[in-house]
Amino acid sequence: MSQEMIDLLLTGTWETLYMTLVSTLIAYVLGVPIGVILYITGEGGIRRNRAVNFTVGIIVNILRSVPFLILLVAILPFTRAVVGTTIGSTATIVPLVVAAAPYVARMVESSLKEIDGGVIEAARAMGSSAWQMIWKVFLPEARPSLLVGATISLATILGYSAMAGFVGGGGLGAIAINYGYYRYQSDVMLITVALLVVIVQIFQEGGLKLVSKVDKRLR
């Protein structure tokens, strides 16, 4: 393999990490509040509101139902308005966030539903406000589950970023498509797949180790 191809793979790996990590961070900044809203306004929530829960839930479900490649193409005008282009790793972050934020919201909601009801009742009995319960009870108690969800989300968003290579998204996905698929260079295809697998494994193992350190039940 030529030095030029090695440099290209290194650049592609960096672009993939950049897209995945930045998209995941922004998706969680947006998705955590949405997930909390879904939880507290839902059945048995501390601020039950069927109208809000239904409206937010419908929006989340619609965005989650659209396949990523279709969503990527459908919001090209929005992507161009946000970053000024529709090509490259930075442009890919926009559809990645739009696709991932609803997914994160549902994972956050699911994590919050795992909290022991006794803990919530104790916080209510102590007169905690809604904000205090969210920041001091819900999120801390759900932290291990949230971290597991973040690990899963990283792997999912990484897969999305690879698919974006079909429309000039950059990263390892673009290399696999441009060289491995269009130019029939099977060795390049295999290397990009191997790199993606390694990255997923690193995310997975790192996430599980972090969970084991913060989960009180595992001590």
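What you have on screen is a predicted model, in which local features need pLDDT of at least 70, side-chain atom pairs count only at pLDDT 80 or more, and totals for chains, interfaces and linings use all residues. Residues are numbered from 1 along each chain as its sequence is written, and side-chain values use heavy atoms, with hydrogens and water left out.

Start with the overall picture. Reading from the N terminus, the elements go α-α-α-α-α-α-α-α-α-α. Taken along the principal axes, the C-alpha atoms fill a box of roughly 65 × 45 × 25 Å.

Of the 219 residues, 41% count as buried (under 20% relative accessible area, with exposed meaning over 50% and partly exposed in between, using a 1.4 Å probe and protein chains only). The protein exposes about 12000 Å², and carbon and sulfur atoms supply 66% of that; these areas come from the Shrake-Rupley method with a 1.4 Å probe, and for residues only the protein chains shown count as cover. Take the contacts (heavy atoms within 4.5 Å) between residues at least 6 apart in sequence: 72% of them join residues at least 24 apart.

Now for the helix pairs. Two packed helices are described by the angle between their axes and the distance between the axes. Here the axes are lines fitted to C-alpha atoms, for helices over the stretch in contact, and angles run from 0 to 180 degrees between N-to-C directions. Helix H6 (residues 117-125) and helix H7 (residues 130-141) cross at roughly 165°, and their axes come within 11 Å. That makes H6 roughly antiparallel to H7 (over 145 degrees; under 35 is roughly parallel, 65 to 115 roughly perpendicular and the rest oblique). The H6 and H7 crossing is right-handed, a label for the near helix being turned clockwise from the far one by less than a right angle, with anticlockwise giving left-handed.

On the H6 side, Val119, Ile120, Ala123 and Arg124 meet Met133, Val137, Phe138 and Glu141 of H7. Those residues split into six nonpolar, no polar and two charged. For this count, Ala, Val, Leu, Ile, Met, Phe, Trp, Tyr, Cys and Pro are nonpolar, Asp, Glu, Lys and Arg are charged, and the others, Gly among them, are polar.

Further along, helix H9 (residues 171-181) packs on helix H10 (residues 186-214) at about 160°, with axes 8 Å apart. H9 and H10 are therefore roughly antiparallel, and H9 passes H10 in a left-handed crossing. H9 brings Leu172, Ile175, Ala176, Tyr179, Gly180 and Tyr181 to the contact, while H10 brings Val188, Met189, Thr192, Leu195, Leu196 and Ile199. The tally for H9 with H10 is 10 nonpolar, two polar and no charged.

Finally, zoom in on single residues. Ser153 sits in helix H8 (residues 143-163) and is buried, because its relative accessible area is 0%. Beyond neighbours within four places in sequence, Ser153 is in contact with Tyr28, Tyr103, Val104 and Met107.

Val36, in helix H1 (residues 3-40), counts as buried at 7% relative accessibility.

Val211 belongs to helix H10 and counts as buried at 8% relative accessibility. Val211 and Ser145 are 66 residues apart in sequence, with 8.0 Å between their C-alpha atoms.

Conventions:
Helix = DSSP H or I, 4+ residues; strand = E, 2+ residues; numbered from the N terminus.
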